[in-house]
Amino acid sequence: MTARLHRLEVPTRGKGLYDITRPVEEWMSRQAVGSGLLTVFIQHTSASLTIQENADPDVVHDLNVFFGRLVPEDNRLYRHTIEGPDDMPAHIRAALTLTQLSIPIDQGRMTLGTWQGIYVFEHRAAHHRRTVVLQFLGE
Amino acid sequence: MTARLHRLEVPTRGKGLYDITRPVEEWMSRQAVGSGLLTVFIQHTSASLTIQENADPDVVHDLNVFFGRLVPEDNRLYRHTIEGPDDMPAHIRAALTLTQLSIPIDQGRMTLGTWQGIYVFEHRAAHHRRTVVLQFLGE
Amino acid sequence: MTARLHRLEVPTRGKGLYDITRPVEEWMSRQAVGSGLLTVFIQHTSASLTIQENADPDVVHDLNVFFGRLVPEDNRLYRHTIEGPDDMPAHIRAALTLTQLSIPIDQGRMTLGTWQGIYVFEHRAAHHRRTVVLQFLGE
């Protein structure tokens, strides 16, 4: 059994989805492994992960707009307001999506569907530098 | 260490939850393994996975109705409308639930709770054939 | 490869988030392992898991209040009402969050971010005893 770990730094420029499929694929192909499991884990609670359609950019736009409507920025709704009006909504949006993804690896490659891309979902308004842990476990 | 992979084809007939616990259990028992991890991964972005109560069929009915209310079909809300009024809501419903599940395997069996079933959550109105990757990693 | 499994019992006293980071860390450190994957799996469908900010207790309070507003207790909305007005909302709240978490283990420790805590999210009003399966797979 082999375990490999890498930290991917993802710069974000405000709310929205950032496609990280390519750097994840590149890291996987450099491992030159066979079968196993890839874990993608984001070390934050105001940004999250999701797998979404990679074909029409309107999809991730609409997704971000929907979450803005579902989780309003309105300080009257929250006690936790000291980090700005977008912080508590960011935590809620993260809880509604994913902190971690597990993707089966077959013959060294992710078993993603044709239209699936891996995204960091940034929920804060300011620019951030997000850390995503990639781990391969297998052989 | 051993890695086993299987693709389960799941036909769906419109929006709702489809219990796949039985075929997943059957595949696991055919592997004749001991301890490890089962990953269930759906290769789509308009259908998803969830673990839900398997006792009262009203639970999955109510869950589907709730998601219909939470994510309305209304083209005025979305830019991505070319694939029909149910497509963008399907992507959002998928983002709010799960693309992947990891279930510990102990003595060859899933450690599900008594009332837990594994479901494909179909978010499109038309009939589909969904592919779910099952992977066991362990010994 | 080694696989270790433990069942953590978590008493809950009504709706809200219960921090289990400490007992999970303690179990991991007793395993004296190197690299691998920790799976945290809750065996229920009316309680769930989430990773959230561990610094300001207002965050988990606000999160619980938001879910109360998003998924109302109103028997007219649901068919499944025989287990009380909080049961069907509990299943929906569980479907919107997580049944399972996978956390990479590096040099025997979870790769959590500085502000990340692991929580059981209880969605029922009464006191419960929840079972959380912890599994380490690695070396």
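Predicted model: local features only at pLDDT ≥ 70, side-chain atom pairs only at ≥ 80, totals over all residues.
**Chain A as a whole**

Select chain A and colour it by secondary structure: there are three helices and eight strands, where helices (H or I, at least four residues) and strands (E, at least two) are DSSP runs numbered from the N terminus. Followed along the sequence, the elements of chain A come in the order β-β-α-β-β-α-α-β-β-β-β. The C-alpha trace of chain A spans about 50 × 30 × 20 Å along its principal axes. Of the 139 residues in chain A, 65% are buried; buried means under 20% relative accessible area, exposed over 50%, and partly exposed in between, with a 1.4 Å probe and protein chains only. Among the contacts in chain A with a separation of 6 or more, 82% join residues 24 or more positions apart, a contact being heavy atoms within 4.5 Å.

**How the chains are related**

Now show chains A and B together. A rotation of 120° with 0.0 Å of shift along its axis places chain A on chain B with an RMSD of 0.0 Å. The two copies are thus related as by a three-fold rotation axis.

**The cavity lined by three chains**

Next, select Leu98 and Gln100 in chains A, B and C, together with Leu101(B): these residues line the largest cavity, whose volume is about 60 Å³. The structure holds two cavities of 30 Å³ or more. On a 1 Å grid over the protein atoms alone, a cavity is a set of points where a 1.4 Å probe fits but cannot get out, and lining residues have an atom within 4 Å of a point; grid points are joined across faces, edges and corners, and a volume is the space filled by probe spheres set on the points.

**Helix H2 of chain B**

Move to residues 57-70 of chain B, which form helix H2, with 14 residues and a reach of 20 Å from the first C-alpha to the last, close to the 20 Å expected at 1.5 Å a residue; the expected span is 1.5 Å times one less than the number of residues. Buried residues of H2(B) include Val59(B), Leu63(B), Phe66(B) and Phe67(B). At the start of H2(B), look for Asp56(B), where a side-chain oxygen comes to within 2.9 Å of the backbone nitrogen of Asp58(B).

**His91 of chain C**

Select His91(C), which sits in helix H3 (residues 87-96) of chain C and is buried, with a relative accessible area of 2%. Leaving aside residues up to four places away in sequence, His91(C) touches Gln52(B), Glu53(B), Val59(B) and Leu63(B), along with Thr45(C), Ser46(C) and His80(C). The side chain of His91(C) also reaches the backbone oxygen of Thr45(C) at 2.8 Å.

**His44 of chain B**

Return to chain B and select His44(B), in the loop between strand S3 (36-42) and strand S4 (47-53). At 17% relative accessibility His44(B) counts as buried. Its side chain makes a polar contact with the side chain of Arg130(B) at 3.4 Å; such a contact is a pair of N or O atoms within 3.5 Å, and within protein one must be able to donate a hydrogen and the other to accept it, while residues adjacent in sequence count only if both atoms are side-chain atoms. Not counting residues up to four places away in sequence, His44(B) touches Gln116(A), Arg129(B), Arg130(B) and Thr131(B).

**Two exposed loop residues**

Finish with Ala32(B), in the loop between helix H1 (21-31) and S3 of chain B, where phi is near 50°, a positive value in a residue other than glycine. Ala32(B) is exposed, with a relative accessible area of 70%. Gln107(B), in the loop between strand S5 (100-106) and strand S6 (109-110) of chain B, has a phi near 50° and is exposed at 71% relative accessible area.

Note on methods
Residues numbered from 1 in each chain as written. Chains lettered and ligands numbered in written order. Heavy atoms only, no water. Least-squares fit on C-alpha atoms with pLDDT ≥ 70 in both. 1 Å grid on protein atoms, 1.4 Å probe; cavity = no way out; pocket = protein on both sides within 12 Å on 5 of 7 lines; lining within 4 Å.
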